[in-house]
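Please read these points with the model open beside you. Each point takes up one part of the assembly and can be checked on its own.

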Amino acid sequence: MKRRPLRVVLLTAVGWLVALVFLAPYLQMFLTSLKPERELNKSPGAYLPDHWQWNNYVDVWKHAPIWTNMRVSLVVAGVATVVTLVCAMPAAYYSARNRFRGRGAFLLLILVTQMFAPTSLVVGIFREMVALNLTDTLLALILVNAAFNLPFCVWILHGYFSSIPKELEEAAFLDGAGRVGALFRVTLPISVPGVVTAVVYTFISAWNEFIVALTVTSSPNRQPLTVAIPSFITQYQEHWQYLFATSLIAIVPVVILFVFIERYLIGGLTAGSVK
Amino acid sequence: MQHVAVKRGAGHPPAPRPSLLGRIGRALVPLLWLGPSIVLIAVVVLWPVIEMVRTSLLKFTSSGTSLGFHGTGDFTDLFAESDLVPVLLRTLVWVVGIVIVTMVLSLALGQLLNARFPGRRAVRWAIIVPWAASVLMTALIWRWMLDNYSGLINRVLLDLHVIDKPVNWLAHPHQAMVWMMAVAVFVSLPFTSFVILAGLQTIPADVYEAARVDGAGPLRTYFGITLPLLRPAVLIASIINVINVFNSFPIIWAMTGGGPAHATDTTTTYMYKLAFNDQHIGESGAMAVVNFLLVLVMVLVYLRAARWREEVR
Amino acid sequence: MKRHLTGAIAAGLTVALGVSGCGKGSSSGGDDSDGKTIKFVAAIYDDNTKPFWDALIKDFEAKNSGYKVNLEMVDWTQMDAKVKTYVQTKQVPDILNYNSFSDFARDGLLYKASEVVSPGTLSDFTPTFVEQAKYNGEQYTLPFISSARLMFYNKDLFKKAGIADPPKTWADIKTDAQKVKKAGAIGYGLPLGPEEAQAEFFSWAMNDNGGWVDASGKWAINQPANVDTLNFLKDLNKSGLTQPNPESTDRKTVFNQFAQGKVGMAIGGPFTKAGFITPANPNLNFGVTSLPVKNASSQPNTLGVMDVLDAFKKNGGKNKEAVRKFLDFFYQKENVSRFLSKEGFLPTTKSAGDALSSDPYMKQFVDALPTSKFAPTSNPAWSAVAGAVKQSLGTSVADKDPKKVLDDIQQTAQKAG
């Protein structure tokens, strides 16, 4: 009992230090976003703005269609997540519960697909979207993000479904719930953490995707934030203050989202650890 | 869609042996469940992959016009590039270094986040932030902080008298690589440490209870019980990290652009620059193919070492 | 919690379908079979570029009913990748605002200039620029804007360092840089990073009788004069007279520091004042002089730069009429002058020429244009050479051997044709 308080003090100190390290860059982002443009290139750099330019957060909306970019990002990430889930859940469930011919091949396909990065395929993706007449549409971005995140979701859900004892479902089935009923009433509720993990992973990587969006979209009102943000630095001009203001505007809602689902996340992330 | 049609088609002809039909039917059931996934992957992923392979076999002019089949010419050109070997070696250092450091730090962070102390939830939220911010934004703020003239890092180090004149961090290939790897670790930590944390939470408390009764010290408990039980979590986290780090583009792109020349390129940025800066489109296609084979080999070697088959059965 | 989630997803889906639905109609134009809709990819020069084109297109569409121009703005930092993707997938725009044309012309992708502008517009281009727009003796592209480079110097720093006159020769640059350095600033700002290394290098090399090609037009990138130029620049760097790491410095870094009064000299263009100095430090006391020469007896040359409008063949020539209408519309005197004065560039047409000479700052650049030398943009291998130069030239003033670096680029050039 005696060493307990010391241990807690130590843990708290380390914990808060770690938090500070993780937040420091974003604090700097915030401070930079409040500098007037002419203070940006002062050398050596200043810790705080000389003039606190809160107006940057008003002016930035005039420089880029941020609402639209944000809506595009949200829609692409949101719908891609739904599409991924709709495709991944049946596949993961079936391959976790049944042995069938081609199961190994399917799981291998999933693992191999996971290794392709959109970066190396941009031109091919663009050509494909041309053929499908989908260039400069959100649907193109949705499909690409859904497809490239599908493997991880199948994988993690497969692991999660496998870890749920078959007997649980059998019991519900015998109680007269029916196969599908058993699935919905027993298996799915238990799998919520796994599903949340798949959702978060897909959402985040779609939210982060940059190269495909840059290549496939051409009108500003169909470009996500990741494309809009670096456009504050062009060859001749650098509006770092706006770049960082926009970044923060984009980060905050996602962090809030995380705060709400953090609990589920921790349960779900073990899912891939197939037993 | 397709599988439904196939199934119905199989149903029409008069069946001499229902057992055969039944077997076909049973063989098609998986398609119902797996179909959407397979279609999505085939259309959206495999199509560009085929394009990629095709590109690597064609000859292109500098404008991007195709001049027809080029055989293995693009690969010969690629292997003749004097930058290729350094880029490959650098990629290996990049992947191995980042993944190992990330895993070690994440194991520690996982423990920290699993321990009880006031403000733990807030600390968890703080660690999530780099994951919520897109990698590109994080890379840009680091580039800004590392700026030679007005960067915060130089300012702090100057004020602490660690350095006596500003250091142009991102201009020197070695320093730049170290910083970029640090940033890559920084953005990989949230996901990885949460996987570890989740793994820790699946370990039942009575296992520790038993160890305590046996009189095992904290170190022995950790290496004897915790780490082995974390194996699945470590396995999945490291595979995902190997793939993501290998394919990582925005960090290098935003911070050094792979320069000066190709001194900080990994295969992914090199491939991009081959096509769009050096105007060798076919060679870039060849690099993409090589790139894929590399990550394939890396993951297979890792899985073999970790005996993944046993895990999945 | 769950109900909220379902609601959110449903809302998301609705929005998505809505957005992608209305997206289709107006998207990726230029393929319309009536030939009245064209796609124009324009480069972003600064914050004024997009408003200019938006207004011009609106005006054009109002005056030519039925015609439509779909505008895509692309930043220069992403332009090469976009253009490559478009050409490779045969999705070229009808009109492209770019800095090269000859490899497109070689590959048969472009209209001749005479096919897409009226004779009146065609004869309005300044002959110097028409020469730069030719491939195999035929004009294939339309000179859009031009620019020239001169030496900027900080008068206050010069005074503080005890320098009376602006630098004229390379030797002056070195001694002045040493004095400025003693006065506590960076002597010469040398941007040899991947952004525009070829321009900075050529600005020096041409004043040592060096350059990209020899008298017969063959690649001569590793000629002794060029090696000599790089050795001089390397010496500046190694003597600590430049900013640190020229090999990874882009122009904007140099000019941001110049605007802060921390750099004694740097080569800049017409856009330097409006783009960098006025926003950061409008009171900066600076002067502009000709580019320095190696031998005091030779005449200074200036670097000429020209951006162009490329008109691509599409849909079997059905777009030609619309392209011609739009280009003739843009090349009216008022439109061109408005663009030039907003963006701070120099004219490529005779009619817009006088508009800028009234501004004493701009006049210096206009006056320098006749002595300008251009990169060999009419050689189809140029884009490959420029790519290699941007990537690797800077390393020659750091740790690589200048001769070796130039030899490698020469090889790339010969391989490219």
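This is a predicted model: local features need pLDDT of at least 70, side-chain atom pairs count only at pLDDT 80 or more; totals for chains, interfaces and linings use all residues.

1. Chains A and B. The contact between these chains brings together 79 residues of chain B and 80 residues of chain A. On the chain B side, helix α2 (residues 18-55) of chain B supplies the largest share, 16 residues. By class, the side of chain B that touches chain A has 60 nonpolar, 14 polar and five charged residues.

2. Chains A and C. Here 34 residues of chain C are in contact with 29 residues of chain A. Five elements of chain C give two or more residues each to this side: α1 (2-26), β2 (68-75), α3 (76-88), α12 (251-259) and α13 (271-280). Of these, α1(C) gives the most, with nine residues. The side of chain C that touches chain A divides into 11 nonpolar, 15 polar and eight charged residues.

3. Domains of chain C. How is chain C divided? The assignment gives domain 1 (28-147 + 305-363) and domain 2 (148-304 + 377-416) of chain C. Taken over C-alpha atoms, the centres of these two domains are separated by 29 Å. Their contact takes 17 residues from domain 1 of chain C and 16 residues from domain 2 of chain C. On the domain 1 side, at least two residues each come from α4 (102-106), β4 (134-135), β6 (142-148), β11 (302-311) and α16 (360-368) of chain C. The largest share of that side, three residues, belongs to α4(C). The residues of the domain 1 side that touch domain 2 of chain C are seven nonpolar, six polar and four charged.

4. Domains of chain B. Chain B is assigned domain 1 (2-55) and domain 2 (74-312). The centres of these domains of chain B, taken over C-alpha atoms, are 39 Å apart.

5. An unreviewed UniProt entry carries the annotation "transmembrane region" for residues 72-94, 106-126, 138-161, 182-204 and 240-261 of chain A. In the model, residues 72-94 of chain A are 100% helix and 0% strand, and the end C-alpha atoms of this span lie 33 Å apart. Residues 138-161 of chain A are likewise 100% helix and 0% strand, with end C-alpha atoms 32 Å apart.

6. Residues 27-50 of chain B are 100% helix and 0% strand, and their end C-alpha atoms lie 28 Å apart. For residues 125-145 of chain B the span is 90% helix and 0% strand, and the end C-alpha atoms lie 23 Å apart.

7. Helices α6 and α9 of chain A. The axes of α6 (residues 138-163) and α9 (residues 192-208) of chain A come within 9 Å and cross at roughly 160 degrees. That angle makes α6(A) roughly antiparallel to α9(A). The crossing of α6(A) and α9(A) is right-handed. Residues of α6(A) in the contact include A:F152 and A:I156, and those of α9(A) include A:A198 and A:Y201. The contact of α6(A) with α9(A) has eight nonpolar, six polar and no charged residues.

8. Helices α12 and α13 of chain B. Helix α12 (residues 267-276) and helix α13 (residues 281-305) of chain B pack at about 165 degrees, with axes 7 Å apart. They are therefore roughly antiparallel to each other. The crossing of α12(B) past α13(B) is left-handed. Among the residues that meet are B:M271 and B:L274 in α12(B), and B:M287 and B:L294 in α13(B). The contact of α12(B) with α13(B) has eight nonpolar, four polar and one charged residues.

9. Helices α5 and α8 of chain B. Are α5(B) and α8(B) roughly antiparallel or oblique to each other? Helix α5 (residues 120-132) and helix α8 (residues 173-202) of chain B pack at about 120 degrees, with axes 8 Å apart. They are therefore oblique to each other. The crossing of α5(B) past α8(B) is left-handed. In α5(B), B:I127, B:I128, B:P130 and B:W131 meet B:F186, B:V187, B:P190, B:F191 and B:S193 in α8(B). By class, these are eight nonpolar, one polar and no charged residues.

Technical notes: Residues are numbered from 1 along each chain as its sequence is written. Chains are lettered from A and ligands numbered from 1 in the order in which they are written. Axes are lines fitted to C-alpha atoms, for helices over the stretch in contact, and angles run from 0 to 180 degrees between N-to-C directions. Helices (H or I, at least four residues) and strands (E, at least two) are DSSP runs, numbered from the N terminus. Angles under 35 degrees count as roughly parallel, over 145 as roughly antiparallel, 65 to 115 as roughly perpendicular and the rest as oblique. A crossing is left-handed if the near helix is turned anticlockwise from the far one by less than a right angle, and right-handed if clockwise. Two residues are in contact if their C-beta atoms, placed from the backbone, lie within 7 Å. Ala, Val, Leu, Ile, Met, Phe, Trp, Tyr, Cys and Pro count as nonpolar, Asp, Glu, Lys and Arg as charged, and the others, Gly among them, as polar. Domain bounds come from an automatic or database domain assignment. UniProt positions are given in the numbering used here, feature names are shortened, and annotations may be inferred rather than shown by experiment.
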